[in-house]
Amino acid sequence: MTGERPIGVAIVDDHPVVVEGVRAWLATEPRLTVLATGDDPDEVLRVAPDADVVLLDLRLHGRMALDKLAELSAAGRRVVVYSEHTDPQTMLAALDAGAVAFLAKHEGREHCVATVLAAASDRPYVPPALAGAMVGDPRPDRPMLSDKEREALLLWFQSMSKASVARRMQISEHTVKQYVDRARIKYTRAGRPAATKAALLARAIEDGLVRPEEIGIYRSHAAHDRPTP
């Protein structure tokens, strides 16, 4: 940790017992520091404008906060949704709104810490509940991806940057971007847009193009991840 800036986390939840529990969990990881907590996203981020990750309860003061999630995501925030609402429709809607990950409140400390670390490094992490929602999605409108598009997506989901994917595939970074963009375009044409990396990963897992275990490497490597500069 010497000389490295801790990963700053802002917790937004309207249940103090949950806030204190999550704070205690995150305190077990020395690279994480909680910068602010509260039940109002705007106020919490006013106190902690430099937070690397926002851990957001999806239901605040009796209403779903999907609009606020979309607003924070559009502003460039890395938002991890932390909720007891774990029906597949809600979980996938959160990813569609821009969440970088979805963590069920019944999932424990290990998944909480790993998800926040992965989010800070712009890497995907699929906790069990989210994996179930992705795999169980019944929608039939699956676009056809080429072998190269699928390979590029899989490596991108397993990698920190498109540059490293390019090195693995021995192609240019521009070509990697083309493969990813083509996949996004195909999903948009199918009526299932995937603007974020997390949403695109969800689509790929839903359609059987990527298996959750293929990116499971981050469950063991998450403890070594650092945010990209």
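Author: Helices (H or I, at least four residues) and strands (E, at least two) are DSSP runs, numbered from the N terminus. On that basis, Asp52 is placed in the loop between helix H2 (41–47) and E3. This is a predicted model, in which local features need pLDDT of at least 70 and side-chain atom pairs count only at pLDDT 80 or more, while totals for chains, interfaces and linings use all residues. Residues are numbered from 1 along each chain as its sequence is written, and side-chain values use heavy atoms, with hydrogens and water left out.

Reader: Why is Asp52 called buried?

Author: The term buried is used under 20% relative accessible area, exposed over 50%, and partly exposed in between, with a 1.4 Å probe and protein chains only. Asp52 has a relative accessible area of 10%, and therefore counts as buried.

Reader: Which residues is Asp52 in contact with, leaving aside its neighbours within four places in sequence?

Author: Contact means heavy atoms within 4.5 Å, and with those sequence neighbours set aside, Asp52 is in contact with Arg5, Pro6, Ile7, Gly8 and Arg78. In C-alpha to C-alpha terms, Asp52 also lies 6.0 Å from Ala120, although the two are 68 residues apart in sequence.

Reader: What makes the pairing of the side chains of Asp52 and Arg5 a polar contact?

Author: A polar contact is a pair of N or O atoms within 3.5 Å; within protein, one must be able to donate a hydrogen and the other to accept it, and residues adjacent in sequence count only if both atoms are side-chain atoms. The side chains of Asp52 and Arg5 are joined by such a contact at 3.0 Å.

Reader: Where is Arg78 found, and why does Arg78 count as buried?

Author: Arg78 belongs to the loop between helix H3 (66–74) and E6. Its relative accessibility is 18%, so Arg78 counts as buried. The side chain of Arg78 reaches the backbone oxygen of Ala119 at 3.3 Å.

Reader: What order do the strands of the open sheet have?

Author: Two strands pair if DSSP finds at least two bridges between them. The open sheet has five strands in the order E2-E1-E3-E6-E7, with parallel pairing. At its edges stand strand E2 (32–38) and E7, each of which pairs on one side only. From one strand to the next, the twist averages 25°.

Reader: How many bridges join E6 to strand E7, and how many join strand E3 to E6?

Author: E6 and strand E7 (residues 101–104) run parallel and are joined by four bridges, with Tyr82 opposite Leu103 in E7. Strand E3 (residues 53–56) is likewise parallel to E6, with three bridges between them, and Val54 has Val79 as its bridge partner in E6. On the side of strand E1 (residues 7–12), E3 pairs in the parallel sense over four bridges, and Ile11 stands opposite Leu55 in E3.

Reader: How do you know that both faces of E6 are covered?

Author: In strand E6 (residues 79–83), five of its five residues are buried. Val79, Val81 and Ser83 lie on one side and Val80 and Tyr82 on the other, and both groups are buried. E7 is also covered on both faces, with Ala101 and Leu103 buried on one side and Phe102 and Ala104 on the other.

Reader: What makes the β-α-β unit of E6, helix H4 and E7 right-handed?

Author: A crossover is right-handed if, with the strands pointing away from the viewer, the path from the first strand over the helix to the second runs clockwise. E6, helix H4 (residues 88–96) and E7 make a unit of this hand.

Reader: Why is Thr90 buried, and which residues does Thr90 touch?

Author: Thr90 lies in helix H4 and is buried because its relative accessible area is 16%. Not counting residues up to four places away in sequence, Thr90 touches Leu58, Met64, His85 and Phe102.

Reader: What is the share of buried residues in the chain?

Author: Of the 229 residues in the chain, 52% are buried, and the secondary structure comes to eleven helices and seven strands.

How values were computed. Axes fitted to C-alpha atoms, helices over the stretch in contact; angles between N-to-C directions.
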